[in-house]
Amino acid sequence: IPGAWASLIHSPCIFLEKSVSFGIVDAKTGRIESPEDIARAVEPLLSYSSKIVILEPNYGLEHTARRFARAKLKALVKAKELLEGGAMPKGGEKHER
């Protein structure tokens with residue numbers, strides 16, 4: 001679990017009645033996070049929210065090159081599909097871009 005979130009899950013009461021938004025994709029870099037890495041980072045946190053979970057960039061993508069922004073958004077969509085489908089890959093498996 002990313003360090004900043006680790007402290008949040010020790011107080012799960014803040015998640016129980018809320019929709020939670022996770023800024024999981026770094027909008028300030030050209031590195032494209034894999035859908036599998038995104039899903040693995042978020043999966044442990046899903047059990048702490050009984051409402052809607054939103055995956056999004058950590059900042060707006062308006063200053064990110066369009067090709068990187070699109071790739072990052074596609075990775076978020078694929079991560080959502082992985083999480084909803086329950087087909088989480090094991091660590092180290094390759095993904096297609």
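Two residues are in contact when heavy atoms of one lie within 4.5 Å of heavy atoms of the other. In this predicted model, Asp26 has such contacts with Glu33, Asn58 and Lys72, leaving out residues up to four places away in sequence.

**Overall architecture and confidence**

The protein chain contains four helices and two strands. Read from the N terminus, these elements follow the order α-α-β-α-β-α. Among the contacts between residues at least 6 apart in sequence, 78% join residues at least 24 apart.

Buried residues account for 32% of the 97 residues in the chain. The accessible surface of the chain amounts to about 6,400 Å², and 53% of this area belongs to carbon and sulfur atoms.

The chain has a mean pLDDT of 77, with 65% of its residues at 70 or more. Among the elements, α4 has the highest mean pLDDT, 93, whereas helix α2 (residues 13-16) has the lowest, 55. Over residues 92-97 the pLDDT stays under 50, and the model has six contacts beyond four places in sequence for this segment.

**The nonpolar core**

The largest nonpolar core comprises 14 residues, and those with the most contacts inside it are Phe22, Ile24, Ile38, Leu55 and Leu76. Strand β1 (20-25) and the helices α3 (35-42) and α4 (66-85) each supply at least two residues of this core. In soluble globular proteins, nonpolar side chains tend to be buried together.

Apart from residues up to four places away in sequence, Leu55 touches Phe22, Ile38, Val42, Leu76, Ala79, Lys80 and Leu83.

Helix α3 is mostly covered, with six of its eight residues buried. The buried residues of α3 are Pro35, Glu36, Ile38, Ala39, Ala41 and Val42.

**Loop residues**

Thr64 is placed in the loop between β2 (53-57) and α4.

| Residue | Relative accessible area | Class |
|---|---|---|
| Thr64 | 12% | buried |
| Ile32 | 13% | buried |
| Asp26 | 26% | partly exposed |

The cut-off for a buried residue is under 20% relative accessible area. Thr64 has a value of 12% and is therefore classed as buried. Ile32 is likewise buried because its relative accessible area is 13%. Asp26 has a relative accessibility of 26%, so Asp26 counts as partly exposed.

When neighbours within four places in sequence are set aside, Thr64 is in contact with Ala27 and Ala69.

Ile32 and Lys72 are 40 residues apart in sequence, yet their C-alpha atoms are 5.8 Å apart in space. Asp26 and Lys72 are 46 residues apart along the chain, with a C-alpha separation of 8.6 Å. Lys72 is also one of the residues that Asp26 touches.

**Aromatic rings**

A search of the whole structure for aromatic pairs finds zero.

Definitions and conventions:
Residues are numbered from 1 along each chain as its sequence is written. This is a predicted model: local features need pLDDT of at least 70, side-chain atom pairs count only at pLDDT 80 or more; totals for chains, interfaces and linings use all residues. Side-chain values use heavy atoms; hydrogens and water are left out. A nonpolar core is a set of buried Ala, Val, Leu, Ile, Met, Phe, Trp, Tyr and Cys residues joined through side-chain atoms within 4.5 Å. Buried means under 20% relative accessible area, exposed over 50%, partly exposed in between (1.4 Å probe, protein chains only). pLDDT is the predictor's confidence in each residue, from 0 to 100. Rings of Phe, Tyr and Trp (its six-membered ring) pair if their centres lie within 6.5 Å; planes under 30 degrees apart count as stacked, over 60 as edge-to-face and the rest as tilted. Accessible areas come from the Shrake-Rupley method with a 1.4 Å probe; for residues, only the protein chains shown count as cover.
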